[in-house]
Amino acid sequence: MTIKIGIIGKTNTGKTTFFNSSTLSTDEISTYPFTTKRSSTSIGHAITLCVHKEFNVQDNPNNSKCSDGWRYIPIELIDLPGLIKDAWKGKGLVLHVVDASASIDSSGRITEAGSGDPVSDFADIEEELNMWYQKILEGNREKLEKIIKSENEQIVALSELYQGLGVKKSHILETLRITGLEGKKIENYDLHDSKKFSTQLRKISKPSLIVANKIDVPGADKNFIRLRERYNLSDKKGRILPDLVLLKDGATVVDLAKEVHTDLVKGLLYAKDLRYKLRVPKNYQLRDRDVICLITTSKK
Ligand SMILES: Nc1nc2c(ncn2[C@@H]2O[C@H](COP(=O)(O)OP(=O)(O)OP(=O)(O)O)[C@@H](O)[C@H]2O)c(=O)[nH]1
Ligand SMILES: [Mg+2]
């Protein structure tokens, strides 16, 4: 089965330009918003070193051409209309994204490094997709609560609920394990639990890759560094996952900031739970293995 990759992003970020050049298509490209009105599918290629030299044979390719020792593996690319804020509430052309998403194995999120704020643009898009997953759960809660009698039934019911989005039972099991929601009945989920579940399930079932487009535009280099810092889990010096701190039970975000650097406390605004994309206050009590980004006014 061919791998399917959806190209998701805000309008005018260059999704169709990327799609056309990857698949030699000629779909319309323009500067006006929402040029693409419906999804478009075509074949692109993943390129890998061919093994014909290793086996010392002359290959005779059937599904994938070989050129200068490189093999071109077909993949399906799906260009989609631009996603807007609150798309999960049905705004914009989101139905095409929903339709296409059922069959997508992963997505390339195009963000425009060249202008605007690609860090918040990317976060907005992730949030739309997470909210969309959460809406499915919240919208079916009553029905689920009535039919579920055991933990096993809950796993089956959740798998069936998200089946249309290509979610498998193994995705549900992994999500419950990672979020620590194993054994908790849906009727006892609060909104924080359902957000946690939806965010993690989306991450597992639709893995994504950031494509920083329009890198030629002046200022894109700075935006690219910010994107890398944020999504590489690195600090301003490029150190990935820089600090790991053991704290006493009941420690808060402020206690964490004190441990990392006393100066951070003065300018501390709030923190972000990077696993579940949630903003948490300064007095938030941390849990074991939380992955936290401190948002401060400090330059450090
Ligand atoms: N400078 C620069 N411009 C680009 C690049 N990629 C695309 N563009 C321009 O950006 C504009 C929008 O490109 P599209 O490919 O139509 O963007 P889109 O994301 O498909 O837009 P919608 O279909 O409206 O969501 C066009 O004018 C492109 O020529 C790039 O890498 N650099
Ligand atoms: Mg387009």
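Biologist: How do you know that the span of helix 3 (residues 118-139) agrees with its 22 residues?

Modeller: Expected span is 1.5 Å times one less than the number of residues. For helix 3 that should be 32 Å, and the end C-alpha atoms are 31 Å apart, so the two agree. Helices (H or I, at least four residues) and strands (E, at least two) are DSSP runs, numbered from the N terminus. The protein has 10 helices and nine strands.

Biologist: What kind of model is this, and how is it numbered?

Modeller: It is a predicted model: local features need pLDDT of at least 70, side-chain atom pairs count only at pLDDT 80 or more, and totals for chains, interfaces and linings use all residues. Residues are numbered from 1 along each chain as its sequence is written, while chains are lettered from A and ligands numbered from 1 in the order in which they are written.

Biologist: Why is Ser208 called partly exposed?

Modeller: Buried takes 20 or more other C-beta atoms within 10 Å of a residue's own, exposed takes 12 or fewer, and partly exposed is in between; C-beta atoms are placed from the backbone. Ser208 has 19 such neighbours, so it counts as partly exposed. Ser208 lies in strand 6 (residues 208-213). Its C-alpha atom is 9.7 Å from that of Ile7, 201 residues away along the chain.

Biologist: Which residues of helix 3 are buried?

Modeller: Among them are Phe122, Ile125, Leu129, Trp132 and Leu137, along with Asp121 and Glu128. In the protein, buried residues make up 25% of the 300 residues.

Biologist: What makes a nonpolar core, and which residues touch the most other members of the largest one?

Modeller: A core is a set of buried Ala, Val, Leu, Ile, Met, Phe, Trp, Tyr and Cys residues joined through C-beta atoms within 7 Å. The largest has 24 residues; Ile7, Ile8, Leu77, Ile125, Tyr162, Val167 and Leu201 touch the most other members. Helix 3 gives the most to this core, six residues.

Biologist: Why is this core said to lie between domain 1 and domain 2?

Modeller: Domain bounds come from an automatic or database domain assignment. Domain 1 (3-116 + 207-229) and domain 2 (131-204) both give residues to the core, so it lies between them. Another core, of five residues, lies apart from it and includes Val253 and Ala271.

Biologist: Which residues come nearest to ligand 1?

Modeller: Gly14, Thr16, Thr17, Thr36 and Gly82, of the 21 around ligand 1. Near means a C-beta atom, placed from the backbone, within 6 Å. Helix 1 (residues 15-23) gives the largest share of the shell, three residues.
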